[in-house]
Amino acid sequence: MPHKCTQCGREFKEGSTEILKGCPSCGGKKFFYIKKDDIHKDILEEKSIKKIAEEKKEEIIEIKPEAKEKTEIYDRIESIRVVSPGSYELNIDKLAKGDEMIMQMGTDDKYIVDILSMAKPRKDKKKRK
Amino acid sequence: MSFLIRTKKKFSRVIRALFKKKQMRIGIYGPPNAGKTTLSNRIVRDWTGDAVGPVSEIPHETRRARRKEGVKISDENGNSITIDVVDTPGVTTKIDYKEFLEYGIEQDEAIIRAREATEGVAEAMHWLREDIDGVIYMLDSTQDPFIQVNIMLVGIIESRDLPVIIIANKNDLPDAAPGRIKSAFPQHPVISISGLEGNNVEELYEKMIEYFG
């Protein structure tokens, strides 16, 4: 008999091995058998998600995709980001502005702040022509 | 290491101040593999007979800024300038050792290369801030000039009021499109050359005398 995910309603063929690792759509671990005739019933009857939820007496859980990081490299605080050993992202604007070094390690918010580089006195710069 | 370099730089600055020798220091900037070292070598070889550094097709071959002092460039009319040529590492926003693996470099070596290249970019930006009086901005005319690094870096150079000549390099290649570079940077003189073949470098020398002199 075909299976159906209790969480999202996705249907699977009889004996489908996909469900062994959980529903590929929602990760749900519970499935129930459905009659062969009932397969695609929800879709054929054009049931809305709301209606299915009402029938199952469950709340609709919406999984929103994680918002993508929008900070452009030039807006970031760090001069150099060490993504992984041997892989770097450089903020040339920051590097051009001063010797102050802030490094970010990995993609987490872990920073190394080189205080020495910031404590250097600013040189009295004459404007070149 | 950087302490040593800084001390050395301070020293040379003092010595320069003592002798009051004012030379334009021209930095050759641009993205990796644009042909910066090839052009530096050509300029230096044409006018002094020396070379600046090795070139290769692998990006980030130049990972330390290299300098050749007192290069005198002159034209037929007797005009001349004496400049220091500074060949800089290619400026980019992302360096990943994996891109070197494609060129057959071992992983350990590629990781070291990436680290040195990162240092090199930081160093190039440091030079731009302190020691450069004029810029030759190299672009590979077979590539899209509208990448963010170019716009950004040219913007930084402009904000420092440095004179800049833009070079559309590699005009010996069939898919070179120097026109694209001209339209990307209409505010600066653009000269189409081939650093490798030497096409049109005379025009560049004339422009350098006119522009940096």
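Which residues of H2(B) are buried? They are B:Lys36, B:Thr37, B:Thr38, B:Leu39, B:Ser40, B:Asn41, B:Arg42 and B:Ile43; a residue counts as buried if 20 or more other C-beta atoms, placed from the backbone, lie within 10 Å of its own, as exposed if 12 or fewer do, and as partly exposed in between. The structure is a predicted model, in which local features need pLDDT of at least 70 and side-chain atom pairs count only at pLDDT 80 or more, while totals for chains, interfaces and linings use all residues. Residues are numbered from 1 along each chain as its sequence is written, and chains are lettered from A and ligands numbered from 1 in the order in which they are written.

Helix H2 of chain B covers residues 36-47. Helices (H or I, at least four residues) and strands (E, at least two) are DSSP runs, numbered from the N terminus. The twelve residues of H2(B) reach 17 Å from the first C-alpha to the last, close to the expected 16 Å; the expected span is 1.5 Å times one less than the number of residues. Among the elements that cover the buried residues of H2(B) are strand S1 (24-29), strand S5 (134-140) and helix H7 (201-212) of chain B. Just after H2(B), B:Gly49 takes a positive phi of about 90°.

Chain B as a whole has seven helices and seven strands. Along the sequence they follow the pattern α-β-α-β-β-β-α-α-β-α-β-α-β-α. Of the 213 residues in chain B, 40% are buried. Strands S2(B) and S3(B) run antiparallel and are joined by seven bridges; two strands pair if DSSP finds at least two bridges between them. One of these bridges links B:Ile73 to B:Ile81 in S3(B). The two strands form a hairpin with five residues between them, and B:Gly78 in the turn has a positive phi of about 90°.

In soluble globular proteins, nonpolar side chains tend to be buried together. A nonpolar core is a set of buried Ala, Val, Leu, Ile, Met, Phe, Trp, Tyr and Cys residues joined through C-beta atoms within 7 Å. The largest such core here has 54 residues, and those with the most contacts inside it are B:Val121, B:Tyr137, B:Met138 and B:Ile167. Helix H4 (residues 107-130) of chain B gives the most to this core, with nine residues. Leaving aside neighbours within four places in sequence, B:Met138 is in contact with residues including B:Ile28, B:Leu39 and B:Ile167; two residues are in contact if their C-beta atoms, placed from the backbone, lie within 7 Å.

Chain A contains an open sheet of three strands in the order S2-S1-S3, with antiparallel pairing. Strand S2 (11-12) and strand S3 (31-33) of chain A stand at the edges, each with a single partner strand, so one side of each has no neighbour in the sheet. Strand S1 (residues 3-5) of chain A is joined to S2(A) by two bridges, and A:His3 has A:Phe12 as its bridge partner.

The two chains meet where 15 residues of chain A are in contact with 23 residues of chain B. On the chain A side, strand S5 (87-90) and helix H3 (92-97) give two or more residues each. S5(A) pairs with strand S4 (residues 94-96) of chain B in the antiparallel sense over three bridges, and A:Ser87 has B:Asp96 as its bridge partner.
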